Each structure stands twice: as structure tokens, then as C-alpha cells.
Amino acid sequence: MIPYFEYISFENPKALWLLVLLPFIAAWQIWQRRRIFPRIRISNADLFRDVKKSLRQRLFPLLAILRLLLIAVVIVALARPQSSLRGREENMEGVDIVLAIDVSGSMLAEDFSPNRLEAAKNVAADFIMQRPSDRMSLVVFSGESFTQCPLTTDHRILLSQLANVKSGMIQDGTAIGDGLATAVNRVRNSEAKSKTIILLTDGVHNAGSVDPLTAAEIAKMYNIRVYTIGVGTQGVAPYPVQTPFGKQYQNVKVEIDEKLLREMSNMTDGQYFRATNKKKLEAIFKEIDKLEKTKIEVLSFEEKSDEYKPLLWFALALLLLELCLRWTIFRTFP
């Protein structure tokens, strides 16, 4: 339930136009007062210069103010103010998503800024923040694989775990099959209507104990859609190497088994994407975000209640106050 808010509307808003009459009524009251109270002409007013007005005289305009306020309140009451209570109920059909990220040594290549791994982490973090209603998990793999964060809706924890991901945290290599199998294991028993794995790698399967196509078959059996992303520029990429003379770079050939990744995705009704730079990687995640939209059913409601009765009681109180003052403190005699 989304928090509701209360606001005022009017059933007969055209009645509020009567408020423009208030200045004319005020002018008429001033004219009436001058007409009723007689005046005398004297040749010299010095005699009355030091005479100060009494408190009664100073407060006498209060009667006119009360009358104007009374008329204004009655006009607002005629417009029938109503308080409206609005709200909506949302039924979200979330998507369970596992991010499987390659953390092998080759992900340190700097054809992406600052490198492939950090670029992937930054783009993945933006993707996570744009999907607050989904459960997400994080799996990392290189020569082996493990779950960095289980399925959770607490995206702060997920983002914290993503920030801790780095190359070299596990044995080097590219075990694509193990990475996918671990990701499948995270969501295979999920009751979500849609289960998705986004697998990101920059290499060729060369380690692990699970064949990638076998893992894809298992994903298909559990109705899990797999999106695969090949990360790396075309040709060669600069790779940092530590030497006795400091960090130096050497160009390393970019090898991605696109045929395998495409086949894995096709088997599970997913898609294969190739990211040759960070901007392209961002576009890919935006495309996946569109393909895996959360369904929302919204039930809106509105409840109105009249609020003119308190105004009428207030108007009656003003009328009684004005009559009481007019016939007591401010009573005048012809």
C-alpha cells in the first residue's frame, strides 16, 4: 500500500467566484457608515487636536471585518469543500535475477575504463538500483565459482558485496559452465514468475567441471532465461603486467567464444550480446532491463467526504459574535 494523502477539492468551485464581491461589499459598508453618521463643520479643529480615540472607537471597524469574514466563510461553504482520500494498491510480480560475473585475470584488461571488471561492476550497480522490486543474487567465477550474495531484496547488501568483487579472489581460469551452474542453483527452486541469469565473461571456457551447454540445458529445464554478454574490444586489448620496472602494458588478443555464448542463450530463450566498450555495455543492460520488466497491477481508490458543515458552524459563531458586539459594546443610538 502506497501512503495516501488528503487534499481539499470543491464540488461547486464556481461559487468561489462570489469572493470577488468582497471588496465591493467592503466599499459599500464604508459608504454606508459615512452616510449614517452625521457630520458637522467647524471653523477651527484645534480644540480636538489632542483628543485621542477611545479603544471602542479603534475597534469599531471590527464589526465590518467580522461581517466580511462571515460572508467569505458562507461562500466557501456554498462551494462544498470535500476532503479526498486517495491511494493505490500495487501487486508486484517480481523477477529473480542472478548476475554471474567473470573475475578471471583477463578482466583486468584496460580496453574498458578503468578495466573490464570495474566497468562491469559499475554498470551492474546501476542496473541493480533501477530494479528495486526484484530479488537479485551475485555469483562470481573464474577457475571455479561461488555465490557472493544469495537472492535478496536488500539491494544495499547486494551493492556492498558487488563492490568487494575483485580479480584474483579465486583460482584463475574461465569456468563458464561452473558459473552458470552455480547461478542456476540460486534460482532453480524460486517461485518467481520470471527467472533470469545474466552471465558476463571475456574469455573461452577452459576450466571447471561442468560443461556450459549442460548447464544451459539445466537452466532450460527450470525455465530460467539466460542472457550472455561477451566483454572485450575487437582485436587486441592492453593488459597490465607487473615488471621489475613497474607496471607495463602488453597487447593481448581478445578471444571470446561467441558461438558458445550465443548457443547457451538460444537454448534458454535468452539473447547474446557483445560489449566492445563501456557505453555499449550500458546499452546492453538497458536492453535487458526492458526485456525483463516487472509487472505491476494497480488498484486505485478514492473516498470523498463533505467538509462544509464545520464552516457553517464557524459562520454561525461569527454571526452571533458580530450581533453580540453590535448590540452591546458597539451599540449606537440615533
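Reply: Let's start with naming: helices (H or I, at least four residues) and strands (E, at least two) are DSSP runs, numbered from the N terminus. This is a predicted model, where local features need pLDDT of at least 70 and side-chain atom pairs count only at pLDDT 80 or more, while totals for chains, interfaces and linings use all residues. Residues are numbered from 1 along each chain as its sequence is written, and side-chain values use heavy atoms, with hydrogens and water left out.

Me: Where does D269 sit?

Reply: D269 is in the loop between α8 (258-267) and β10 (272-275). Its phi is positive, about 65°, although D269 is not a glycine.

Me: Is D269 buried or exposed?

Reply: D269 counts as exposed, because its relative accessibility is 65%. N223 also has a positive phi without being a glycine, near 55°. You'll find N223 in the loop between α7 (212-221) and β7 (224-231), and N223 is exposed too, with a relative accessible area of 65%.

Me: Switching topic: which residues does a cis peptide bond join?

Reply: S113 and P114, with omega at about -5°. P114 belongs to the loop between β3 (95-102) and α4 (116-129).

Me: OK, the inside now. How many residues are in the largest nonpolar core?

Reply: That core has 34 residues, and L99, I229, L281 and F285 have the most contacts inside it. A nonpolar core here is a set of buried Ala, Val, Leu, Ile, Met, Phe, Trp, Tyr and Cys residues joined through side-chain atoms within 4.5 Å.

Me: Which element gives the most to it?

Reply: Helix α4 does, with 8 residues. There's also a second, separate core of 26 residues, and A100, A109, L151 and M264 are among them.

Me: Back to L281. What does it touch?

Reply: Leaving out residues up to four places away in sequence, L281 touches F112, A119, A120, V123, L200, I229 and A275. Touching, or contact, means heavy atoms within 4.5 Å.

Me: Which aromatic pair is edge-to-face?

Reply: F127 and F285, at 5.3 Å centre to centre with 65° between the planes. F127 lies in helix α4 and F285 in helix α9, so the pair ties together parts that are 158 residues apart in sequence. F127 and F285 are both buried. For the rule: rings of Phe, Tyr and Trp (its six-membered ring) pair if their centres lie within 6.5 Å; planes under 30 degrees apart count as stacked, over 60 as edge-to-face and the rest as tilted.

Me: What about charges? How many salt bridges does the structure hold?

Reply: It holds 10 salt bridges. A salt bridge is a side-chain nitrogen of Lys or Arg within 4 Å of a carboxyl oxygen of Asp or Glu. One of the bridges joins R116 and D202, whose closest N and O atoms are 2.6 Å apart. R116 lies in helix α4 and D202 in the loop between β6 and α7, so this pair ties together parts that are 86 residues apart in sequence.

Me: Are those two buried or exposed?

Reply: R116 is buried at 4% relative accessible area, and D202 counts as buried at 3%. D111, R116 and D202 are linked in a network of salt bridges.

Me: Which residue forms a salt bridge with R131?

Reply: D134 does, with the closest N and O atoms 2.6 Å apart. D134 is buried, with a relative accessible area of 0%, and R131 is buried as well, at 3%.

Me: Last one: what does V231 touch?

Reply: Not counting residues up to four places away in sequence, V231 touches F112, R116, L200, T201, D202, I256 and A275. V231 is in strand β7 and counts as buried, at 0% relative accessibility. The C-alpha atoms of V231 and M107 are separated by 8.6 Å, although these residues are 124 apart along the chain.

Conventions:
Buried < 20%, exposed > 50% of the residue type's maximum accessible area, 1.4 Å probe, protein only.
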